[in-house]
Structures are given as C-alpha cells and as structure tokens.
Number of protein chains: 2
Amino acid sequence: MSPRASVSAAAETRSGIVEAAVNQASIEGLESVTIGRLAGQLNMSKAGVIGPFGTKEQIQLAALEEAIAMFTADVWTPVENLEPGMPRLEATCESWLTHLMGDTFPGGCFLTQSATEFDGRPGPVRDRVAEYSALWERVLARDVKIAVENGDLPKGTDPAQVAFEIGSIAQGVNQARQLRRQKDARKRGQMAMRRILCVF
Amino acid sequence: MSPRASVSAAAETRSGIVEAAVNQASIEGLESVTIGRLAGQLNMSKAGVIGPFGTKEQIQLAALEEAIAMFTADVWTPVENLEPGMPRLEATCESWLTHLMGDTFPGGCFLTQSATEFDGRPGPVRDRVAEYSALWERVLARDVKIAVENGDLPKGTDPAQVAFEIGSIAQGVNQARQLRRQKDARKRGQMAMRRILCVF
DNA sequence: CCTACCGATCGGTAGG
DNA sequence: CCTACCGATCGGTAGG
C-alpha cells in the first residue's frame, strides 16, 4: 500500500470508530462507551480501537465533536443563509424541532444527554459541552437581537432571555419524545416557541 | 438485641445505603453507582451493601424513590395546602426554582439526570422515571386548569401545554446552573415562568 | 453483617 | 493493525 492509501485507510478506521462511539453514546451516554464493546462491534481488537486515540477520553472528545458537527448540519447549516433576524430564527426553531423528532441520534439529543452526564464531572468533555452550549445560545441570541432591532420583537426584549427560553423548550421536547414517547412533542414545542417569538 | 432493635438497625443500615446512593447518583448518575464504592464509603463489605436489596437495580430503584421523596418535600409539600389554582401554581414555581438553586442534590436535578440517563435503557428504572415525570406534570396541569376556570389565565389555555412549558424551563434552569454555572439562572427561570403564567 | 471467592469486563500496554 | 497480557474493578454468591 502506498503511504497515501494507508493514511486514508487510517482516517477511515478512525471515523468508523467515532461513528460507532457516537451511536453507543447517544443511547447509553459517553461514559458508557467502552473500548471492548467498540472493538466487538467493529470486529477489531481493543488495541486497534484505542490506538488512533490513545485514551478513552480522546474517543469521547472525538465522538462529541462529531455529534456537534451532526447537530450543526441538521439545525444550522440549512438556515445559515436565510435572512438574519426573525426569518432565520423561526427557521432555526423549525429545523431544531425536526432534528429533535428525527433519528440523527438514536437515543435523543446528544448535547442534552452529555450536559446532564458531565455537569458534575470536571474535565475536557464537560468544558467542551459547556462551550458549545454557550456558543449555540449566542447564535440564537444574535438573531433575536436583530429581530428586536427590526421591530419584529418588542422593544426591550432581552436576546439572552429569549435564547434561554427556546433552548429550554428544546430540552422539554427531547424529554417528551425520548422519555415519555409523547406523540405531540413536536406540536408542544412548536406552540411554546411560537409564543416565545410572539408569532400568533 | 431484641428483634425490634435489630429490625430498626436493619432499617438504618438500609437508609444509610440509600442516602449514599442518592448522593453518588446525583453527581455521576444512577448507572455509575457501584456496590464497591458504596461499601468503601460506608465502611461496609460489598455483601453487606447488596444484602438488603438483592441486586444493584433494586438499589437504583430505592435511590430513585428517595430522590422523588426529597423533590416532593422541597417543591410540593410546602405549597400543597395553599389555594388551588394560580396562587398555588405561582408558589410551586417559586419552590421549584428554590429547589433547583439549592443543594438538595449536589449534582443537580435528580429527575432530569435520570430521565436523560435512562430514556434509552428499558427497564423498571426508566418506567418509574417516566411515571413520576407524568405525575408531576399532571399536578401542575391541575392547578393550571383551576386557574383558567377562575379567569386567572386566558380562556382556552391548554393546561398540559402550560405544564410542559414550565417543566421545560425547569430543565433549562438546571442546565444553566449545573453546566454553565450561570449566576442568573434563577432570574432567567423566574422571568420565563412569569411570562408563561401571564404574570406581569 | 462478614470473609473469601466467582467469571466477566474495564482501560490500557508491550511487543511485534 | 494484531495477540497476549497487566492490575483493578464490576455485580453477585457461598458459607458462616
């Protein structure tokens, strides 16, 4: 094999491990990902699984980054070129609800899961989850601010407050769907988000 | 020792184990509770820890029941004799926020933690979490219904929708406090709940 | 409630 | 990427 082929083969191996880790973590949590089970699932040795990463924590971090990329692709990418402000904000809520009701992650919202799992476990995984949570809230707040400036939301509206409320509703939708298996989870979320955005 | 004394001693042993399990689970999750760590923490043998319960799952269920009792004592008991409808509903929101900002559970809301941890793990723990989540939402919805009947909330308001929104905000407050360490978590939640309850 | 023990699995390493 | 292995820990049991 040429060096080029072996580099790309290594990248494929790595991404296969990450994909399997994302799926395991989505259902049982990032802490429940084990090297042995990944190896069994991928028909590899444990040494082959841990090799490209070094430690289990690095596998967790790689899975988290992949999950963030998948969330971004589902929720943000489809709307990023829409008109900033209320139009893009409403579209973001819709794509977020679609993401939450879809099957990107078999076990439900990866970030919500990781947030509760790691909020009491100091370390780089926790830090990264908190960072992305803050980043995503800023993305929402930015469009809220523009919507206020355009007069689409009442003067004096606090963008961070609205972003907080929308994010909370997303967590509620996730719980309604994943824990309670409520068929009206999307509608509940949609009504709540519309009320927050004064769309009636 | 008389039989009576030994019965009460057994009950004390059991409740000590449950208390330690609640604390471990609050920080790291119910799945991360291990018999060996409980034994070490309580200066007991593993056999002594598992004995009163039989299996780890029974310890998890006992810890969950205790956590539910603690939640109820914090949030519901102080308000249950208030006037049904809007007065009790507002007081419930306040006691809930106080609970979320307090130190009853060192790792944050036990129910939210257990919900994300077990929503993808079939079994009695998951079932009990879902049951209590549904029960608590009905408790909220009951006062919403009365508030609507009394004219304290707009005609046509869907009690289940309002209960869903309040519960979602509670999840948001928990994440803001536990993951993001936001100092304004309580105020964010309070503003959101007041808006949901049309209190302005 | 204890000691002593079971097989299984954990994260990870040595050496190739 | 593999085999073979390390010490630690897992849930749980036998026997007292």
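The surface near DNA strand C comprises six nonpolar, seven polar and three charged residues. The model is a predicted one, and in it 16 residues surround DNA strand C. The two protein chains, A and B, are related by a rotation of 180°, and they bury about 3800 Å² between them.

**Surroundings of DNA strand C**

- The closest residues to DNA strand C are Thr34(A), Lys46(A), Lys56(A), Thr13(B) and Ser45(B).
- Sugar or phosphate accounts for 57% of the atoms of DNA strand C that lie within 4 Å of the protein, and bases account for the rest.
- The side chain of Ser45(B) places an N or O atom 2.5 Å from a phosphate oxygen of DNA strand C.

**Relation between the two chains**

- Chain B is superposed on chain A by a rotation of 180° with 0.0 Å of shift along its axis, at an RMSD of 0.0 Å.
- This is the relation of a two-fold axis.
- Within chain B, the C-alpha nearest the axis belongs to Ser168(B), at 2.6 Å from it.

**Interface between chain A and chain B**

- Chain B contributes 41 residues to the contact, and chain A contributes 41 residues.
- Of the roughly 3800 Å² buried between the chains, 45% is on carbon and sulfur atoms.
- On the chain B side, Phe164(B), Leu179(B) and Arg188(B) lose the most area to chain A, together 18% of what that side buries.
- The copies meet through the same surface, because 100% of the interface residues of chain B are also interface residues in chain A.

**Ser168(B) and Glu165(B) in helix H8**

- Ser168(B) lies in helix H8 of chain B, and Glu165(B) is found in that helix, which spans residues 159–178.
- Ser168(B) has a relative accessible area of 1% and therefore counts as buried, the cut-off being under 20%.
- Beyond residues up to four places away in sequence, Ser168(B) touches Ser168(A), Ile169(A) and Gly172(A).
- Between the C-alpha atoms of Ser168(B) and Leu140(B) there are 12 Å in space, while the two residues are 28 apart in sequence.
- Glu165(B) is also buried, with a relative accessible area of 4%.
- The side chain of Glu165(B) makes a polar contact of 2.7 Å with the side chain of Arg195(A).
- Apart from neighbours within four places in sequence, Glu165(B) is in contact with Ile169(A), Ala192(A) and Arg195(A) of chain A, and with Ile196(B) of chain B.

**Architecture of chain A**

- Chain A contains nine helices and zero strands, giving the pattern α-α-α-α-α-α-α-α-α along the sequence.
- Its C-alpha atoms fill a box of roughly 60 × 40 × 30 Å along the principal axes.
- Chain A has 200 residues, of which 50% count as buried.
- Among contacts in chain A with a separation of 6 or more, 67% are between residues 24 or more positions apart.

Definitions and conventions. Residues are numbered from 1 along each chain as its sequence is written. Chains are lettered from A and ligands numbered from 1 in the order in which they are written. This is a predicted model: local features need pLDDT of at least 70, side-chain atom pairs count only at pLDDT 80 or more; totals for chains, interfaces and linings use all residues. Side-chain values use heavy atoms; hydrogens and water are left out. Helices (H or I, at least four residues) and strands (E, at least two) are DSSP runs, numbered from the N terminus. Buried means under 20% relative accessible area, exposed over 50%, partly exposed in between (1.4 Å probe, protein chains only). A polar contact is a pair of N or O atoms within 3.5 Å; within protein, one must be able to donate a hydrogen and the other to accept it, and residues adjacent in sequence count only if both atoms are side-chain atoms. Contact means heavy atoms within 4.5 Å. Copies are superposed by least squares on the C-alpha atoms of residues with pLDDT of at least 70 in both. A residue is near a molecule or strand if one of its heavy atoms lies within 4 Å of it. Ala, Val, Leu, Ile, Met, Phe, Trp, Tyr, Cys and Pro count as nonpolar, Asp, Glu, Lys and Arg as charged, and the others, Gly among them, as polar. Buried area is the accessible area (1.4 Å probe) that two parts lose on being put together, summed over both.
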